[in-house]
Amino acid sequence: MGCRIGEGMKMRVCVLFMEGTNCEDETRRAFEQIGLEAELVHLKQLTGDVIPELRRNLGDYSVLMIPGGWSAGDYVRAGAIFAARIKSKLREDIKDFIEDGKLVLGVCNGFQVLTELGLLPAFEGISETPEAALTNNANGRFQCRPVYLKHTGKCRFTEKIGEDNVLQIPVAHAEGRFTFGENDEKYLEKLIENEQIVFRYCRADGSDALGEFPWNPNGSLYDIAGICNPEKNVLGMMPHPERVVDGIQQADWTRKKKGRGDGRIFFESIRECLKRGF
Amino acid sequence: MPEPYRKILDNVYEIDLLEADDSDFERISKEKSLGLSLEELKKIRDYFKRERRNPTDVELEAFAQSWSEHCCYKSSKPILKRTVFTIKAPQNICVIAEDAGVVDFNKEYAYVVALESHNHPSALDPYGGAATGIGGILRDVVCMGAQPIALIDPLFFGPLNYKEKLPKGTKHPQYLFKGVVSGIADYGNRVGIPTIAGMVEFHESYISNCLVNVGCIGIIRKDEVVHSRVGNVGDVYIMAGGKTGRDGIHGVSFASAELGEESEKKDIPAVQLGYAIMKEPLMHACLEANKKKLLTGMKDFGGGGLSCVSSEMAYAGNKGAVIELDNVPLKQEGMAPWEIWVSESQERMMMSVRPENVKKVLKIFEFWDVPATVVGRADDTKRIKAVYKGKTVLDLDLDFLLKGVVYDRPAKYVARDEADPGFKMPDLEDTALRMLNSPRVGSRESIIRRYDHEVRGNTILKPMQGKINHQTHGDAAVIKPLVDSFQGLAITADVNPIFCKQDPYWGAASAVDEAVRNLVSVNSRPHSMADCLNFGNPEKEDRMADLIKACEGLYFAANAFETPFVSGNVSLYNEGVKGPIAPTPTLLGIGIVKDVRKTVSSDLKETGNILYLVGKTGQEMGGSEYYRMLGLKGGLVPRVYPEKTKKSMNCILKAMDKKLVRSCHDLSTGGLLVAAAEMAFGGDLGVELDISEGNMRTDYKLFSESNGRWLIEVRKKDAERFESVVDAKKIGRTTKDGKLKIKDGKIDLELPLEELRDKWDAALEKE
């Protein structure tokens, strides 16, 4: 795939939000902390439903980031309304963006939106209908807790994170159980084969969570916490790296020597990916 | 009796007060659910005599709002003025007077504090009541122009396993508990403000009247504080957010009366409906308009709806106002003017704006897709008017309307039995296990994890602390509100209603002491407090006396600790069939953390460290969980010794700044045993204690809830330095054998921590 990021183009991040998105501020801050320019952009600004000076063009950015929250309240399936609004007006723009090899990232509600949009897992390219779902946590409850993640496969964003590295990053969601429904077995194989699984929930020592609560906080298939598309430039994950950029944001920092937050390397990895221009 | 109502418009009536006799007054108050007393109606009649006319129904409704206990604090004002309002402190910027208190944070910034009750709505509709409680408290902070940064939820229910027959119209505590927690989670998580602290208490007296208190902290640049008053004559009133509907009608009178059998049918319209996804952009838009200096005043729609917000803003600005009721966007057609005037529909804000800025403000709201409408204008009349279909349907003198009524109600204190019962010491191992399994002591994790406590990324010390998946209760949470400063705010919620029931004075004082202890435990200096005073019917002398005693106790302790009350709320008429709720003066304590990187958590850190006990343990067992569990009555409630505790506090903070403290936990419900166990849980370590010193019985030593005490972990190599700073008793050490061992002379206890943890985890509901 040809890469068109690079010379002459600013490495800007579009942090996209709509009513109910609520992690946009700390997400922008996380990008800025590692030296990337990030702009908060309301969905209306991309669809053109605002006065001319507020309009933005997706093509002007290098990264599209959909942060966490409860877009439109998530009173129906999480992420469904955000996805429907994007689909109705921005479908072509996003397709071009991805085909240009630019980066699309969804965290928590953002992962739910990318799945609803058919951008993930996107086995045969962007799918018309969702192929997977992030459904109710196995214990039926919202969970806000730190979890351990194993970096099991590289995507373009995460190359700086060593293979099998374990990160401690929090989750906060009610609907995070990744599943293919009745096709679990068949599609999981495909996901593994394509090396699309990027993060899996694990125990503190990196050993498998084996679906066991609370290591796997939601009962996700194969302990899946984050996946990418086959081309490796679209990533969705439930845990929130933007909440642990600094050491003192980690849940157990008072027990450790001071250091950086485990989320920082994630954002640094994005920065390096952009610098490399792949 | 002649018909007292005369139609003057399609749905506006004139009410004949001038010719009314006592039975007419009674009939009117009852038919219109005004909640006004005979005396109050007569006072209103005399006013209209001076105005030489009869009131409209809209006007009478305005009095019902502004003269309700909820709005004008008519029963509590005299005692509040004598006690909690009088603590002076240099950190106060704008306190008590408005919807939230504004307190000094650093040179440039202030923090904002609000605490309120949403008790009666939650007793009828736990999910909706709790959700709209959060909505309301967020608006209180936003209307000062501040960005909300934390939510706090102190909750009080009847026993979850209550098996006896419930009073008619009362919902089971389990149902209320589940509904309230879900309401907080669903609303709080959606609006994106972290819920970082709170408490859950259980007592039989809350069976028919649960308490849902909600608190919020915000942060604001000092030069951006906006007040709840109109700025200038000619300023335009803009109302923004949700539409006005028939939900939340008579919310304040409903909050100012006892719940009864018929409440379910009668009062359900008083409960508002929440919509978090309107609140979220509404907050953005209001804060943006304020940041751009486009507002001269802002206030939220709370109790009393449009009536209170428009009158109070005009009055506070020493102006008058005219409101056009036809311009108010409605949810339902055909709403009568009085309904529009008093509806407490949620997610609404009122702003006053100079005429030349109106377009700019409306544009901001348009961007956020939040409806905003011009509904009125400020004038210099010192009267509030409402116009409907070209006719003035309300025209009242603001001073008369808002000065309201004040009562110095009679009080008679009923003394409690303070004699200690004689009893044989029970089996301690069994008692320890029962103690950790008590719903008042056990793990709150299953609730805490349902609230997003780290959205916004600024929660430095979370409510659960320790080794991952072994976490324990923390004493306070810590927020770092500013990007470019390591200064933080520690936040805790405290009250022990069992103490307060046995002794409202020392119970209330103990709540202050506990808040102070919790704030110190994480290395913060106690800075301010907010109080939510939940009590029974003030028209009954014994309830009134408890309220007075509690206020005096709060004043005594908070004044001595130099922590001013900067905001608060009074919720009276909390009664069940068997009497009033336990007096519940809920406190929200806020501390300043000099450097969040020096915050201390409650979980044990390493084996081989020394454990110190700070403070004196006394045989003060009144209101203790130990007595309650054993079914014992009587006893002295722990006293508060502010001078001694302040000295300990200063020493501990000094030791923490020198990094001599590895972990710290205060001793409260369940005493030393519970504190030691909780610290051990969080570190996944063992503990050995030797408490042989002193000749009190072992059970008192272990379970006394005396104030002013902390358990502190220190590295061996730092022991000498620590002892030179803090006056503390060495009482044990940390181990790795997974046991809690206690030695008291000849008594040797050995408790497996895994078993204790299982009991503790299962006390409420396991995750």
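Modeller: Here follow some questions and answers on this structure, which is a predicted model.

Biologist: Let us start with chain A. How many helices and strands are there in it?

Modeller: Chain A contains six helices and 11 strands. Its C-alpha atoms fill a box of roughly 50 × 45 × 35 Å along the principal axes.

Biologist: What percentage of the residues in chain A is buried?

Modeller: Buried residues account for 55% of the 278 residues in chain A. As for contacts in chain A between residues at least 6 apart in sequence, 73% of them join residues at least 24 apart.

Biologist: Now the interface. How many residues of chain A are in contact with chain B?

Modeller: On the chain A side there are 32 residues, in contact with 33 residues of chain B. Helix H1 (24-33), strand S6 (143-151) and strand S7 (166-173) of chain A each supply at least two residues of the side that touches chain B.

Biologist: Which element gives the largest share of that side of chain A?

Modeller: The largest share comes from S6(A), with four residues. By type, the residues of the side of chain A that touches chain B divide into 13 nonpolar, nine polar and 10 charged.

Biologist: On to chain B. At what angle do helices H8 and H11 of chain B pack?

Modeller: Helix H8 (residues 173-191) and helix H11 (residues 276-291) of chain B pack at an angle of about 30°, and their axes are 9 Å apart. H8(B) and H11(B) are therefore roughly parallel to each other, and their crossing is right-handed.

Biologist: Which residues meet there?

Modeller: From H8(B), B:Tyr187, B:Arg190 and B:Val191 meet B:Ala276, B:Ile277, B:Lys279 and B:Glu280 of H11(B). The residues of this contact comprise four nonpolar, no polar and three charged.

Biologist: What is B:Glu116 in contact with, leaving aside its neighbours within four places in sequence?

Modeller: With those neighbours left aside, B:Glu116 is in contact with B:Gly136, B:Ile137, B:Asp140, B:Asn213, B:Val214, B:Cys532 and B:Asn569.

Terms used
Residues are numbered from 1 along each chain as its sequence is written. Chains are lettered from A and ligands numbered from 1 in the order in which they are written. This is a predicted model: local features need pLDDT of at least 70, side-chain atom pairs count only at pLDDT 80 or more; totals for chains, interfaces and linings use all residues. Axes are lines fitted to C-alpha atoms, for helices over the stretch in contact, and angles run from 0 to 180 degrees between N-to-C directions. Angles under 35 degrees count as roughly parallel, over 145 as roughly antiparallel, 65 to 115 as roughly perpendicular and the rest as oblique. A crossing is left-handed if the near helix is turned anticlockwise from the far one by less than a right angle, and right-handed if clockwise. Two residues are in contact if their C-beta atoms, placed from the backbone, lie within 7 Å. Ala, Val, Leu, Ile, Met, Phe, Trp, Tyr, Cys and Pro count as nonpolar, Asp, Glu, Lys and Arg as charged, and the others, Gly among them, as polar. A residue is buried if 20 or more other C-beta atoms lie within 10 Å of its own, exposed if 12 or fewer, and partly exposed in between; C-beta atoms are placed from the backbone.
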